[in-house]
Amino acid sequence: MRATIPQHKKPNLLMRRALLVQWVLVWIAVLVAYAAFGRATAQPVMSGGLIAISGSALLWLRWWQSNKCVQADAQQAVRAVYRTGLERFVLVVLLLALGLSYFKHAATALLAGFVLGQLAWLIGISISGASKIKD
């Protein structure tokens, strides 16, 4: 007999699945970079992938918080969307700057890891079915 998931928990489960798919695909990319180019390239690819994962995790956190409390009006909801976008942008820019300046990662490998991480997020959303969530 198949266990059914309560309707209110399905979106949360789908978002977590998308993050898991993103996590797995990023690590596959890191392993491929390590096998093909060595450790010096695998580290920036991993950092770029983790930056993409941190942006996705922030997006999931804000989505989860917005589901816990109902917005008073449409204007508040739009403000929350803009704020989340700005937070995500600032987080990604700061982490990329940290990777380039402090850790001295190669820019090409770091950005390739980030782009792969973002692509993995889109694939994760598509596979998990989280793009079909209707609140």
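Arg83 lies in helix H3, residues 74-101. Helices here are DSSP runs of H or I with at least four residues, numbered from the N terminus. The model is predicted, so local features need pLDDT of at least 70 and side-chain atom pairs pLDDT 80 or more, while totals for chains, interfaces and linings use all residues. Residues are numbered from 1 along each chain as its sequence is written, and side-chain values use heavy atoms, leaving out hydrogens and water.

Arg83 is exposed, at 51% relative accessible area. Exposed means over 50%, buried under 20%, and partly exposed in between, with a 1.4 Å probe and protein chains only. Arg62 sits 21 residues from Arg83 along the chain, and their C-alpha atoms are 9.7 Å apart.

Now the helix packing. The axes of H2 (residues 39-68) and H4 (residues 107-128) come within 7 Å and cross at roughly 40°. H2 is therefore oblique to H4. Axes are lines fitted to C-alpha atoms over the stretch in contact, and angles run from 0 to 180 degrees between N-to-C directions.

Contact means heavy atoms within 4.5 Å. On the H2 side, the residues that meet H4 include Pro44, Gly48 and Ile51. Their H4 partners include Gly113, Phe114 and Trp121.

Next, the core. The largest nonpolar core has 7 residues: Val26, Val30, Ala33, Ala42, Val45, Ile53 and Ala109. Such a core joins buried Ala, Val, Leu, Ile, Met, Phe, Trp, Tyr and Cys residues through side-chain atoms within 4.5 Å. Helix H1 (10-37) and H2 each give two or more residues to this core.

Notes. Parallel < 35°, antiparallel > 145°, perpendicular 65-115°, else oblique.
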